Amino acid sequence: MRQEWSPEELLASWTLVDGDWDLVANKSGSTRLGFSLMLKFFESEGRFPDLLEEVPQAAVEYVAGLVKVPTADFTKYDLTSRSAKNHRKQIREALKFRPATRADEEELIAWLADEVRPVELVEDRLREALLVECRERTIEPPGRIDRIVTAAQIRAEKAFCARTIERLGGAGVARLLALVTEDSEAGAALLAALKRDPGAVGLDSLLTETIKLNDVWKLGLSDGLFADCSEKLLAAWRARAIKMYPSGLPGYRRGCTDHATCGAVLVPAGGDHRCPGGSAGRPGAEDQRSCRAAGGEAVDGGAEEGAGQGGHPLQACRRGDRQAGRDRAYGSVPGGRGEDAA
């Protein structure tokens, strides 16, 4: 919650109304002040504060004046006490909210992965969207918000990679796998060329980029691989693909029974795949054989350019702009969303 509040905002958001006074009527001292602040905080944020410091000092002083309790008494209010637990229950009932269940958590993970993650990559904004959705569903946000956000990020990445592989088809996967085999000099040369900065715009660089484009067209990759993907998603995957080298991937030289899938994701999508025996969550001692197709980076989705977005250069969108270097080199490839994709 923001800490700066104008007098007008305090009056509008922190004033106790008729129904509020009925709830605080039988309370006194720090309990009275703490309950009042918890009530107004929940009305504003749709959740309870984790720390007393989350409540703005201006609001503490304003509400303390309303309930005739010294401002300093708020420091005596214990958020972990039995009284505070009962207060949260009273507030939920008064506002017609309920605690989130495990089923609610699973639904929120699915909603976040399907509806929000494909178009929003910043973790803080994912968390904000989750809190807004909880409020819309009139449920108190779960205590494990970070776990829900992380689970949604991983699920969205896996869905994106699976969809990309399906659209590639068996023939497309085979052609891409041929590029990343250890003994494929031609494939290694093509990947290195695609990653190379073309330099300043000129006739030579134009011819070089044309040759790259023709080489990629010869792979016969499917059109429309990313037709329904957001530009933000593709841009983040592109950024990862630029720094990605097949030989540096964990599991690249291992005999994974599903290695074909790992390799197929590696080139066009750069996603995350766990070998058979692995787990979707935290792996145990015997299932830590994660085949990440993201240049060896962990899949945490914590940054705006984070894990799980976009396409490899071989499948990136065509670009209409003249941005020099890698973006242009990786953008002029079939399989994207169109000539004007950014």
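Among contacts in the chain between residues at least 6 apart in sequence, what percentage join residues at least 24 apart? In this predicted model, the share is 69%. The chain has 342 residues, and 47% of them count as buried. Its secondary structure consists of 13 helices and 4 strands. The accessible surface comes to about 16800 Å², and carbon and sulfur atoms account for 51% of that area.

The mean pLDDT of the chain is 73, with 68% of the residues at 70 or more. Among the elements, helix α4, spanning residues 57-67, has the highest mean pLDDT, at 96, while strand β4, residues 290-292, has the lowest, at 34. Over residues 248-342, pLDDT stays under 50. The model has 269 contacts beyond four places in sequence for that stretch.

Once neighbours within four places in sequence are left aside, Val55 is in contact with Gln3, Trp14, Leu37, Phe41, Pro49, Val60 and Phe74. Ala59 is found in helix α4 and counts as buried, at 0% relative accessibility. With neighbours within four places again left aside, the contacts of Ala59 are Leu10, Trp14 and Leu37. Ala59 and Ser6 are 53 residues apart along the chain, and their C-alpha atoms are separated by 9.9 Å.

Which residues of α5 are buried? They are Ala84, His87, Ile91 and Arg92. These four lie on the same side of α5 because they cover an arc of only 135 degrees around the axis. In general, an α-helix has 3.6 residues a turn, so residues three or four places apart point the same way. The buried residues of α5 pack against α3 (29-45), β1 (98-99) and β2 (139-140). On the other side of α5, Arg82, Lys85 and Glu93 are exposed.

What follows α5 also deserves a look. Lys96 lies in the loop between α5 and β1. Its phi is positive, at about 60 degrees, although Lys96 is not a glycine. With a relative accessible area of 68%, Lys96 is exposed.

Thr138 has a phi of about 50 degrees, although it is not a glycine. Is Thr138 buried, exposed or partly exposed? Thr138 is partly exposed, with a relative accessible area of 33%.

Helix α7 itself has 14 residues, which should span 20 Å at 1.5 Å a residue, and the 20 Å between its end C-alpha atoms agrees with this. Its buried residues are Glu123, Leu126, Ala129, Leu130, Leu131, Glu133 and Cys134.

At 13% relative accessibility, Ala156 counts as buried. Leaving aside neighbours within four places in sequence, Ala156 is in contact with Ala113 and Arg117. Ala156 and Glu115 are 41 residues apart in sequence, and the distance between their C-alpha atoms is 9.5 Å.

Definitions and conventions:
Residues numbered from 1 in each chain as written. Predicted model: local features only at pLDDT ≥ 70, side-chain atom pairs only at ≥ 80, totals over all residues. Heavy atoms only, no water. pLDDT = per-residue confidence, 0-100. Helix = DSSP H or I, 4+ residues; strand = E, 2+ residues; numbered from the N terminus. Contact = heavy atoms within 4.5 Å. Buried < 20%, exposed > 50% of the residue type's maximum accessible area, 1.4 Å probe, protein only. Arc of directions from axis to C-beta. Areas by Shrake-Rupley, 256 points an atom, 1.4 Å probe, with all protein chains shown as cover. Expected span 1.5 Å × (residues − 1).
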